[in-house]
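Here is a short briefing for you on a metal site and a sheet. Have a look at the model first, then read on.

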Amino acid sequence: MPDWFSRSIVDDKTTMLTEPFVHAYVRANIWHLRGRDADLLVDTGMGICPLAPEIETPQGKPLLVVATHIHLDHVGSLHEFPWRAGPRMSAEQFVSMDEAATYAYMFHDLEGAVSKLPAPGWKAADYKIPSAPLTRTLDEGDIVDLGDRQFRVLHLPGHSPDSIALFDEADGLFFSGDAIYDDTLIDDLPDSDRASYISSMRRLLDLPVRIGHGGHGPSFDGKRMREIAAAYLGRTGGI
Ligand SMILES: [Zn+2]
């Protein structure tokens, strides 16, 4: 349906899309960054309505799509794109879209799943994520190259075992997925691991981030990110 996604222009190279009519719990950020030789799309939302037609790229320019982890609100539309990268750790589950990994089942009976129907007769109970086998698997230290900028892959488990993030060491731009963001952090899902999350937060304290674009919530600078990480460490006894 038209207008399922909202769109904000972040700067001349960056657009953020999200799904204002889905429950806040699964309303994730979708980042489109224009590079010289290729564009980057970080995460793909719920997949309730097609995302690919909303992403404009010049003809012939590749769109590199990276899923930061396999949770439902980040991989729903991944199958729509031909170039699909994601964490090596959960690669097999991107084939099956196993609901034990995506948590799609949690959406089936979520009260107020959507505030506007995407189509007449649409039901959250029918929600299903299509298989999206990865065409490239990513792990710690790998590079995603847009020609004029390169992102290093960081493996930052805790929220989920497979959480990865993309960091441009040249200018401090950071796509953090759900490893860290400026909103309530979730560390109590069945596959969350608090000890891993504490290690990831300690690592983030030393990362020279200039601007971070997270999987949820507003963007943050390095100072704010360190505040979020320190608050988590304080709350969990990690300091
Ligand atoms: Zn998540």
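The zinc ion has H69 (NE2), H71 (ND1), H159 (NE2) and D178 (OD) as its protein donors, at 2.1 to 2.4 Å; donors here are N, O and S atoms within 2.8 Å of the metal (3.2 Å for Na, K and Ca), and water is not among the atoms, so sites may look incomplete. This is a predicted model, where local features need pLDDT of at least 70, side-chain atom pairs count only at pLDDT 80 or more, and totals for chains, interfaces and linings use all residues. Residues are numbered from 1 along each chain as its sequence is written, and side-chain values use heavy atoms, with hydrogens and water left out.

- Along the sequence, the donor residues follow the spacing H-x1-H-x87-H-x18-D.
- H159 in the loop between β9 and β10 (164-168) and D178 in the loop between β11 (173-177) and α5 (194-205) are 19 residues apart, and this pair links distant parts of the chain.
- H159 counts as buried because its relative accessibility is 3%, and D178 is buried at 3% as well (buried means under 20% relative accessible area, with a 1.4 Å probe and protein chains only).

**Sheet**
- An open sheet of 6 strands runs in the order β8-β9-β10-β11-β12-β13, with mixed pairing (strands are DSSP runs of E, at least two residues, and helices are runs of H or I, at least four; two strands pair if DSSP finds at least two bridges between them).
- The edge strands, β8 (143-145) and β13 (220-221), each pair on one side only.
- β8 and β9 (residues 150-155) run antiparallel, joined by 3 bridges, and D145 stands opposite Q150 in β9.

Terms used
Buried < 20%, exposed > 50% of the residue type's maximum accessible area, 1.4 Å probe, protein only.
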